[in-house]
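Student: I've got the model open. Can we go through what the labels on it actually rest on?
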Amino acid sequence: MSDSIFGKIISGEIPSEFLYEDEHCIAINDINPQAPVHVLVIPKRCIEKLSDAQDDDQALLGHLMLAAGKVARQLGVEEAFRLIVNNGAGAGQTVFHLHLHIIAGRQFAEGKMVG
Ligand code: 5GP
């Protein structure tokens, strides 16, 4: 478990509503949503950032992607959502405990990398 805010949410030290939970990850609403649906899928085991992941983490990374799909279905946004990982401060990562952003419920600019 990490000492990050997400580690504290996972351990229950900071109370938070879990939209989804299984053995390996949780999903929570982002505290500062950038879209009508903005959910974070967070592994219980901390990897600080995606580029720190090792071959041993393959199953966990796959699990997070499957969980994101499940959460999207649960929220009814499975036909249109964006999955984002910010890797490193230079890319906007602010919490150093890997997480996937599920963003949905707004119009996305076609073919754009951001926005
Ligand atoms: P990053 O910028 O690291 O990719 O994403 C971190 C996200 O965590 C941000 O979108 C931010 O709003 C969210 N966040 C930061 N602190 C908290 C918190 O205490 N609770 C929740 N639910 N989200 C948080």
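Tutor: Strands themselves are DSSP runs (E, at least two residues), and helices are runs of H or I of at least four, numbered from the N terminus. Also, this is a predicted model, where local features need pLDDT of at least 70 and side-chain atom pairs 80 or more, while totals for chains, interfaces and linings use all residues. Residues are numbered from 1 along each chain as its sequence is written, and side-chain values use heavy atoms, without hydrogens and water.

Student: What makes β3 and β5 a pair?

Tutor: Five bridges join β3 to β5 (residues 100-104), antiparallel, and the definition asks for at least two, so they pair. Val37 has Ala104 as its bridge partner in β5. β2 and β3 also run antiparallel, with five bridges, and Ile28 sits opposite Leu40.

Student: Why is β3 called mostly covered?

Tutor: Buried means under 20% relative accessible area (1.4 Å probe, protein chains only). In β3 (residues 37-43), seven of seven residues are buried. Val37, Val39, Val41 and Pro43 point one way, His38, Leu40 and Ile42 the other.

How values were computed: Buried < 20%, exposed > 50% of the residue type's maximum accessible area, 1.4 Å probe, protein only.
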